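Morning, everyone. I have one model to go through today, so let me put it on the screen.

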Protein chains: 4
Amino acid sequence: MRVGIIGVTGYTGSELLRLLFLHKNVEITYVTSYSFAGKTLAEIHPHYLDIIEPVLHSFSVEEAAEKTDLVFSALPHGKSMEVVPQLCAAGLKVIDLSADFRLLDAALYPQWYKREHSAPQYLEKAVYGLPELYKEKIKKASLVANPGCYPTAVILALAPLAARKIVDWDTLIADAKSGTSGAGRTPSQALHYAECTENFRAYRVAEHQHTPEMEQELGRLAGQKISFTFVPHLLPMIRGILSTIYTGLNVETTEEEIRNVYREFYRNESFVRILPSPFLPETRNVYASNYCDLSVKWDPRKNRLIIISAIDNLVKGAAGQAVQNMNLMLGFKEEEGLKAIPLRP
Amino acid sequence: MRVGIIGVTGYTGSELLRLLFLHKNVEITYVTSYSFAGKTLAEIHPHYLDIIEPVLHSFSVEEAAEKTDLVFSALPHGKSMEVVPQLCAAGLKVIDLSADFRLLDAALYPQWYKREHSAPQYLEKAVYGLPELYKEKIKKASLVANPGCYPTAVILALAPLAARKIVDWDTLIADAKSGTSGAGRTPSQALHYAECTENFRAYRVAEHQHTPEMEQELGRLAGQKISFTFVPHLLPMIRGILSTIYTGLNVETTEEEIRNVYREFYRNESFVRILPSPFLPETRNVYASNYCDLSVKWDPRKNRLIIISAIDNLVKGAAGQAVQNMNLMLGFKEEEGLKAIPLRP
Amino acid sequence: MRVGIIGVTGYTGSELLRLLFLHKNVEITYVTSYSFAGKTLAEIHPHYLDIIEPVLHSFSVEEAAEKTDLVFSALPHGKSMEVVPQLCAAGLKVIDLSADFRLLDAALYPQWYKREHSAPQYLEKAVYGLPELYKEKIKKASLVANPGCYPTAVILALAPLAARKIVDWDTLIADAKSGTSGAGRTPSQALHYAECTENFRAYRVAEHQHTPEMEQELGRLAGQKISFTFVPHLLPMIRGILSTIYTGLNVETTEEEIRNVYREFYRNESFVRILPSPFLPETRNVYASNYCDLSVKWDPRKNRLIIISAIDNLVKGAAGQAVQNMNLMLGFKEEEGLKAIPLRP
Amino acid sequence: MRVGIIGVTGYTGSELLRLLFLHKNVEITYVTSYSFAGKTLAEIHPHYLDIIEPVLHSFSVEEAAEKTDLVFSALPHGKSMEVVPQLCAAGLKVIDLSADFRLLDAALYPQWYKREHSAPQYLEKAVYGLPELYKEKIKKASLVANPGCYPTAVILALAPLAARKIVDWDTLIADAKSGTSGAGRTPSQALHYAECTENFRAYRVAEHQHTPEMEQELGRLAGQKISFTFVPHLLPMIRGILSTIYTGLNVETTEEEIRNVYREFYRNESFVRILPSPFLPETRNVYASNYCDLSVKWDPRKNRLIIISAIDNLVKGAAGQAVQNMNLMLGFKEEEGLKAIPLRP
């Protein structure tokens, strides 16, 4: 099968290329870049030299339609909603890595993303691309909205409990910490090397735009409208998200019972690992891999559950999950191209 | 005045020396090391070369009594409880940086520190050395128990609310993140460079030994027995603690009213800074300084307050606070030797 | 084919496993660990959980002979010289990643490694495993001495000039910088996180034990006995070696001519990339990959050539090169299992 | 005395403020910023909050003349040559931290800095502000050109040999490595966090603009025109320069004799430390301090001397040296405000 990447020079586009390069069943036949069209990829990213050196194209829907069967859009939010409808209209399968097609309710876009949605009719058509929840729908989808990095980490950490309807949602707090690559490749004061190293801080406290995405998906599982407090932080490292989630439950249970709920829920999933006690997730244990590591810990002093999840934000939180979705959409083995051992050290 | 440091070669002992070296009113007349007695400091730590090169002594209470007026004990937990009573008996003023004299209830030591206390009669004599809470008592104290790094970050973040008795304690969660220097200078697998860099993880989830210290002091302020969930994490950086604290309140209020409660509570304090909105604490903004930065943020969706605090764990979380205590005990200006601008970048 | 790894829990052993796991033609049938025999790999390194969880064996030459066709020894220097002769005697093909069989002259071991060689009769049998120099010999070898990380970086940077005999060796200086993973997994004061981060230093100045290995191999190419100054440094990062090499030449030439000498020399090599001007090697451009990037720059003010090389010390500098050697020894495609795109960011 | 800082919001301007804040003899009475005029410093750099919060002024020579006795210019290269002549003409003492007045020969500016010099008549008036070489001249100077960071590291490493005229200059190579803060506070792709961390590279190989500055000053000491190869590298850390310098000598000598030459040359200097063997400089040992650490090592195999120097590029390489110069110009103790113990860890 022939695949294309729209916006290949950013961090998620580049990570897609890295993963697809080793994939047995696809050929990368079309890559585009707004900023560097006309150059070869290795001129911009010399680590591709002598390995894969496609010419960077300006985006053209006709060219995409002619050269590919499936397209990944790795464009920024706001840009994807302009391009994706064209690709869909041209009959291509599309996996969009932006936030533009993740929310069902178009009214949430102006509220959280500060812009109106220009193609709201596509919101219903898009399948939310978390394979652990929507495997069968993804297989049949023509447009998949690839989840955000924080939502992947938080939803996978809570889905088994949400589906059991045992979460006391008003007590739930998600405290997440991410490496800087999630913020992308564009330089800024906040991401300047000497400002990030040996530094740690919270940002967008209880206001992050990924909040409604998490609430939508967990609410669907829970069968009720839910909301909770989400606070992200910026880690002095490149890759990795660790989320520490605190919640009360509305049932009496034990840590081991809860662990079994997780094991049961994910028993057929290749990329979610439930750690045996006393192991705890570390971002390095999923580095450059598509795994999501989960642990549960009961705080008996406060009758509170603490769930910790770790993912690589660029893989399971973006490009790896997109490849997993592609595998499902194109009928390949779900794990194809994604079984690398995490890079440690 | 003449001061001594017992255990000068570890990270807190060394930081004490760095701060006291620039202090106008004291002379460092006695330093000891268990491991390196007989050598000079610069042989172990060459960054002191040509600046200050004392001989490292074996500890002797007679020598301490003869050469100093006040002694800092920077020994590990368990060791201090053997040495501090001797120093006190010899009539010296003592500031102990270990956890050995922080808890009033001796029964908590076997529970949280896995050892019996060998000098429980000193627990009542020791004053908890958080100057923002116990200034007058510290001035008269002969033994000060210098607070732990996490407790400093968490107690300062909550004291104004605790004293107002408006915290709904059962909802309170403290999610703290620390650089590695808090774990000391002794090599271990977990602190090996290639294991820490580009890595982030939680540890001792809801089981950290600093928990009872926080609960004791906040409970005193609140006038009730309290408990809460505390989860520490290890950051890939050297210095800095950031704690993100979530709590419900038992009053109706606004973010600005709460900010004013903080401003009022700390109005006479030099080292606590209440950040104006929308600034948020960053560990780098207090780097190598004695400041504690605080912000408050109301989550209107969940009626929950989010307090964030940042300190340098080796300064306000250890050696700087100890110097602040010394200043009070010896009648110096409280800020003496501690007014450095944070190091950034 | 069935392969084994002796000493799988160290950084090179673990990296071997990571690479071999994705290799199409081999099965890992035997892994050993001195320290952790009896446990499963995931108990020691939880990033392998649910992926590959072999039991760690105590080393037994009989078991190795029974279960494998080829064995990698990732033991420390000094240990390998005890184990490798047993493996060879048992008829196994062996790739040794230690320094124990790299030097032809047994007298160099006491001089540079501070120990006598216990199996000098194997020094002549061992083929130096730098495929870019010894491809045909490696194909027929039963014992391959896998090059050191610094020698790989320095020899590849100089081989084309050495073979042309145009180097003025007495002017040659190699200034190399390495990430910490080259020093292994054992904790030490020097590799403690808080001692390495935000720090940079030289070590073993003009005395590093890899010096005779470089001189031996470059001398062979040059057809004369040579020596030069080699100074290594420790970088605050995990992976990567960059070597900056300065030399006079004994011919008149131009930068472009020299670049062509390199292109010609490596024209059939998959893993050596000669960068076009003005690109310069960066360690990140070869991260987690088997590539060696090279640049040449003429300093016209001083008639001096500056060659820069970059490798990942754990891949091309250790485990990746070992897999490349295995591919040659077992008749596989030389690139098999090694064509990953470098990980960036 | 009243001092001003022109361009206070960059890294060197900010570091000046940090050092001057603790200086006993001066008051900071005037600070300017092109980009942020009208705001207070703490609005831009919140780590100054509650400590020092001057209003940032637009530059006005009249205001500078009225409010200050001495001015530091921390403007970028090219900007300083416009402003400094005005300050000088107004009768102020000036310390310029840019490169604009370091080179005696105006013709070198277009060659190395790609711009003509607009005030060449000031080049002769400016004293090169390396106190270890020009103490008496600096005391009388009204305009001091503060040395570059690399030149400080390299000149201090070579001055004792240059003054003895025992260097074989044509063999000399300076391989320098710097943290990123030397490149300033302006964001760029190359200094983006995810591009710098876990990465190391050379840049401006044998073409760096600091080269003529080093050659000028060392040539003066040597009494001859000299040139050498200088290659800088970018380290994944914030502060610190380590330079490794290789040279032949034109005399027979021993390592210990050379070490004594250094001790003798710097015997009256407070900020240069000659390390006893076997200690080697580490950037962390001079962190946030004004020290320059030096070691010498003889390579007997190649009759070559290896000198290593370490400084903090923002202190001895910029702001600290500027304060040292100010102390001399204003008749204060040379060490005033600069005697902090290096920050480690």
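Which residue is the bridge partner of D:Ile5 in E2(D)? The partner is D:Val31. Before going on: this is a predicted model, where local features need pLDDT of at least 70, side-chain atom pairs count only at pLDDT 80 or more, and totals for chains, interfaces and linings use all residues. Residues are numbered from 1 along each chain as written, chains are lettered from A and ligands numbered from 1 in the order written, and side-chain values use heavy atoms, without hydrogens and water.

On confidence, the complex has an ipTM of 0.97 and a pTM of 0.98. Chain A has a mean pLDDT (per-residue confidence, from 0 to 100) of 98.

Back to chain D. Its open sheet has 6 strands, ordered E2-E1-E3-E4-E6-E5, with parallel pairing. Strands here are DSSP E runs of at least two residues, helices are H or I runs of at least four, and both are numbered from the N terminus; a pair needs at least two bridges. E2 (27-32) and E5 (127-128) of chain D are the edge strands, each pairing on one side only. Strand E1 of chain D, residues 2-6, pairs with E2(D) over 5 bridges.

Now chain C. Helix H7 (149-164) and helix H10 (255-265) of chain C pack at about 100 degrees, axes 10 Å apart. Axes are lines fitted to C-alpha atoms, for helices over the stretch in contact (heavy atoms within 4.5 Å), and angles run from 0 to 180 degrees between N-to-C directions. So H7(C) is roughly perpendicular to H10(C), a label covering 65 to 115 degrees.

Notes
pLDDT = per-residue confidence, 0-100. Parallel < 35°, antiparallel > 145°, perpendicular 65-115°, else oblique.
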